[in-house]
Amino acid sequence: MLGQHLVGLYYETPNVVEPPLDHGLLRDYIAYARENIHPELSDLASRELISAYIEMRRGGSHGNGGRGRTISATPRQLESLIRLSESLARMRFSRVVTRTDVREAVRLMKVATQAAATDPRTGRIDMDMITTGRSTLERELEENLGASLKELLIERRGNRMSVSEIRRTMEELLNTQIQQEDLTEVLRMFEADGLVQYSERSQTVFVRAGVVG
């Protein structure tokens, strides 16, 4: 309906689509539902919510060699499912949340989070993408990179190294491809901590003598 209305505005003779419901009536409908309809979960709806939440949790996967776990659902998502299910029942002026309401809430949440919470590296849903802006895999990689790089810097105290050399060494140690921006971020963090002197222009790093484990 909305798409038809927007496209219709560009006709030579605008084709304005009349809404199926009067705006005033819709406003009163929503206001009444908010004020007077307070749905409660039925036993079937509660079991459906628990089942759906468990299934979403199972969507998590073990990351690199099983060292970490991708979180696909958290208690906050369960609370959102409950509120969404209640809202769907409230739209029908129903004082009971049904299993159908829960199933529709689950469908809506999956559609809404699929794009925003899908880790492009694994193809799996990771709620950390929404809550922190970084996937579990990315966070683990950054932590491993930081720890391994610090060990390398301890061995090279007082020396100057090229960024390309550091990147190559880290890829061999971690057995994974290191993105230039990820390495640069860690180097800048170490520079802020006074561990190195990073030259972006020459793409070199001077390791200060005071680096300790």
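Guide: The expected span of a helix is 1.5 Å times one less than its number of residues. Helices (H or I, at least four residues) and strands (E, at least two) are DSSP runs, numbered from the N terminus. This is a predicted model, in which local features need pLDDT of at least 70 and side-chain atom pairs pLDDT 80 or more, while totals for chains, interfaces and linings use all residues. Residues are numbered from 1 along each chain as its sequence is written, and side-chain values use heavy atoms, without hydrogens and water.

Visitor: How does the reach of H4 compare with the span expected at 1.5 Å a residue?

Guide: H4 (residues 75–91) has 17 residues, for which 24 Å is expected. From first C-alpha to last, H4 reaches 25 Å, close to that value.

Visitor: What makes one side of H4 its buried face?

Guide: Buried means under 20% relative accessible area, exposed over 50%, and partly exposed in between (1.4 Å probe, protein chains only). In H4, Gln77, Leu81, Ser85, Leu88 and Ala89 are buried. Seen down the axis, these residues fall within an arc of 120°, so they line one face of H4; the arc is taken over the directions from the helix axis to the C-beta atoms. Turned away from that side are the exposed residues Pro75, Arg76 and Met91.

Visitor: Which residues of H3 are buried, and why are they said to line one face?

Guide: They are Ala45, Glu48, Leu49, Ala52, Tyr53 and Met56. Their arc is 130°, so they line one face of H3. The opposite face carries the exposed residues Asp43, Arg47 and Ile50. An α-helix has 3.6 residues a turn, so residues three or four places apart point the same way.

Visitor: Why does Ile30 count as partly exposed?

Guide: Its relative accessibility is 37%, and the class runs between the buried and exposed limits; therefore Ile30 counts as partly exposed. Ile30 lies in helix H2 (residues 23–36).
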